[in-house]
Amino acid sequence: MRSGIRRLVLIFAFFGGSLSSRDVEAQNTKTLDLSNAVVVNLSKGSVVAKAPEILIDEVSKRTGIRIPLVASPPDDKRPRIVIQTLSESANIQMPDGLERPARADSYAIWVESSPAATTVTLLGYDERATLYAAGRLLRLLSMTQGKLEMPAEQRISSAPDVLIRGHQLGYRDSANSYDAWDVKQYEQYLRDLIVFGTNAIELIPAMKPDVPQNPLMPLSPWDMNRKLCDLCAGYGLEVWMWVPVLSNVEDPQQAVQELDQWRKLFQSCSRIDHIFVPGGDPGETPPEILLPWLKQMADVLHESHPKAGVWVSNQGFTPDKNEIFFGYLREHEPDWLNGVVFGPWVKHTLAEARARTPRKYRIRLYPDICHTLRCEYSVPDWDPAFCQALGREPYNPRPRAMAHIHNSLAPLFDGFGTYSDGINDDVNKIVWSACGWDQKQSVDEILTDYGRYFIHSELGPDVAQGLLALEDNWRGPLATNDRIEATLEHWRQIERRHPEIAKTNWRLQLPLLRASYDAYLKQRLIRHNEIEDMAIESLGKASDVGVVAAIASARKTLALHETDKTAHDLHNRLMELGRQLSDSIGMQLDTPNFGANHPERGVILDYLDFPLNDSLWLEAQFVEILALNDTQEQLRRVQQIVNWENPGQGGFYDDLGCVGKQPHLFPIASEDTWKKDPSFISTPQSEFGGRENYAPLRLSSRKLSWCNQAETLYGTPLRMRYENLDPAASYRLRVTYAGRFHAKMRLLADQAHEIHGPLLQPKELWPVEFDVPAQATADGVLELQWELIEQRGCQVAEVWLLRQPAAASGK
């Protein structure tokens, strides 16, 4: 925080008014009518002036009551809100037992009654603290049309647990909503975040004034970035900038050009508190070059912002590069560096980062809270149907998961600035901000405040229940998840109670969208699975009716999904909600209608009509089979399809990466294992990818079981375990290697017997087979271990353990 920000007091006086809170010293069930309150601002501070502004505006939006702002306390008994800095009221008397705010951003709130008036005091340690006191008050108020109330008698003293509580709000064309916002919408969102304790905003600036403006953008990226700096400064928020080094700075000419570009950017900004330079993702400058060069970047920054800090991450660094990175910090301990950022694709734990980083440097977390897949905190064991249709960036409230990640890591970091690309992670932002302020606050309390403040004062518990239900919708196999329909009905009931809110409030429209989409997917998945089962049944008759006839029958059955009207009403509702969200908050849910940048950027409506079964792969197989001249080979190929997942007597099949179909993956996925390793650094996770082809968007003919894989990262072995095998039998292993890493791996049995040496993923996907050494199964137990040789991690799609016939085994 910049020096010179003054302390202040916000004194909020009401006729008999008081507050209610979870850290209440005394409270009762009485409510107080606050509809005739007034605000008196006696402070000269520009930041503190925002506190009454937020209070007046936000109360007015929710109640229609415009609280007057007056120059001095009135002579009558009307409730009063008096605002001044602590430095101007250093001798203010605190109520007995209530702690005086003692550090940045902290505040106290209490109620005092007298015959003249009842005074509710909001005492802030500094100017910005009044914003958080005002935000807390707004969360306590009961606000409905024409009515402003609060419970009586309570005292609060509150200070944040975490120093840096920030979020990334990048105005760029890859965002799923931010790029459609004007300055007014950004300001409203800043206020929303402040109410829950945010104190820092990270911008993603354009490097040059001539960076193109997409059709959704009301301003050019360069101009908007300048205005956002001014906006954040006006609220006293720290301004961070995410500034990757993309040039080859070993080339003197490119290095000079890079520095000159940054100089112009920094000079154009009214406020910069810190810059964050990612070491990778993007950026490929090795640490031995990057770190010394950042000294020059720091010098350029300090020309226009002398107190600004420089932070760097080691994202994507290999173990050897990490040795160089941490070695440089230990040996040189540069004074121009403020801290280290821990973000996605860092190939070690946060605990290791803290242990290896000199104590003079702070550590800031850069958690990816906006993605669900192929990311830092993937949804554990997410059903492949969700993976295909919702993709990486859907509306993803994960309140329990986010609170756990924050609170479990908090002892190791000094703050956070989340990675976000839109409002799909809005709930997650609020949870992180609230936990950053008070780690002891329960998720239910946070979500109840969220619902009361953002949607309707009477809906807090209902919204909390509904958001938790959406998180639960993503647990376990979709087709058998009996919570899906109840979740949709819950949100529909909220909509029926407040239909006008649902027409305009994007924070209600988004959960309605997700609940509807989840139900839509479940119905279609069940139907598409039925269609595929019928097609396979037709193929099973090939030996009786002939291959050509069997395939013709199967094709006719698979074509049903093109005209099937399953969940058609939900389809129409989703399109309607897409339009509403485009109008209310600039959400871009498809590419043709709402201007989305890319099919992976939250465009869930583009995937509404795609098949959820293997019909495309089956059709590709049919073409190949019918082109064969050998009828016996045709029949063999058809039977191979029919019996694809059948491992035979005494055998086992695992569709790795598909929840509910990977019983031999080890360790077994559980809530406990996830809580210990939510970023899957040392435990396996499910991966999905490779089914989409972009520009134009369409599905590939890849088999679904090849699109999902079990995956381990950064050299952690991938393991499977089989028990109760026949010690006298011989076994053969069939494996499908697939995945975006295209890994080279070695496979061992029982960590002693090599099944195959270093093997690169085949270019043409198809199962490959290997003998299992008899010694490995002699005790009735088999442990398989894939070891990474090259690439980011191990990935395996399917595994069959096939018990060989006695004649084949020779036993």
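In β31, Glu-711 has Gln-795 as its bridge partner. The model is predicted.

Helix packing was examined next. Two packed helices are described by the angle between their axes and the distance between the axes. Helix α16 (residues 506-539) packs with helix α18 (residues 547-558) at an angle of about 170°. Their axes are 8 Å apart. The angle is over 145°, so α16 is roughly antiparallel to α18. On the α16 side, the contact is made by Ile-531, Glu-532, Met-534, Ala-535, Ser-538 and Leu-539. On the α18 side, it is made by Ala-550, Ile-551, Ser-553, Ala-554, Thr-557 and Leu-558. By class, the residues of this contact divide into 8 nonpolar, 3 polar and 1 charged.

Open space was then considered. The largest pocket holds about 830 Å³ of space. Its lining consists of 28 residues. Nearest the centre of this pocket lie Lys-61, Arg-62, Gln-188, Phe-454 and Asn-505. Several elements give two or more residues to the lining: α1 (50-63), β8 (142-144), α3 (183-195), α12 (443-454), α15 (499-504), α16 and α20 (568-585). The largest share, 7 residues, comes from α3. The lining of the largest pocket divides into 9 nonpolar, 9 polar and 10 charged residues.

The second largest pocket contains about 690 Å³ of space. It is lined by 29 residues, and those closest to its centre are Asn-529, Glu-532, Glu-645, Lys-661 and Leu-704. Glu-532 is also one of the α16 residues that make the contact with α18. At least two lining residues each are supplied by α9, α16, α22 (615-626), α23 (631-642) and α25 (704-707). Helix α16 provides the largest share of this lining, 5 residues. The lining of the second largest pocket comprises 15 nonpolar, 6 polar and 8 charged residues.

The search finds 5 cavities of 30 Å³ or more. The largest cavity has a volume of about 100 Å³. It is lined by 18 residues. Gly-391, Arg-392, Pro-599, Glu-600 and Tyr-607 are the closest to its centre. Helix α9 (residues 384-390) contributes the largest share of the lining, 4 residues. By class, 10 lining residues of the largest cavity are nonpolar, 3 are polar and 5 are charged.

Technical notes
Residues are numbered from 1 along each chain as its sequence is written. This is a predicted model: local features need pLDDT of at least 70, side-chain atom pairs count only at pLDDT 80 or more; totals for chains, interfaces and linings use all residues. Side-chain values use heavy atoms; hydrogens and water are left out. On a 1 Å grid over the protein atoms alone, a cavity is a set of points where a 1.4 Å probe fits but cannot get out, and a pocket is an open set with protein on both sides within 12 Å along at least five of seven lines; lining residues have an atom within 4 Å of a point. Grid points are joined across faces, edges and corners, and a volume is the space filled by probe spheres set on the points. Ala, Val, Leu, Ile, Met, Phe, Trp, Tyr, Cys and Pro count as nonpolar, Asp, Glu, Lys and Arg as charged, and the others, Gly among them, as polar. Axes are lines fitted to C-alpha atoms, for helices over the stretch in contact, and angles run from 0 to 180 degrees between N-to-C directions. Angles under 35 degrees count as roughly parallel, over 145 as roughly antiparallel, 65 to 115 as roughly perpendicular and the rest as oblique. Contact means heavy atoms within 4.5 Å. Two strands pair if DSSP finds at least two bridges between them.
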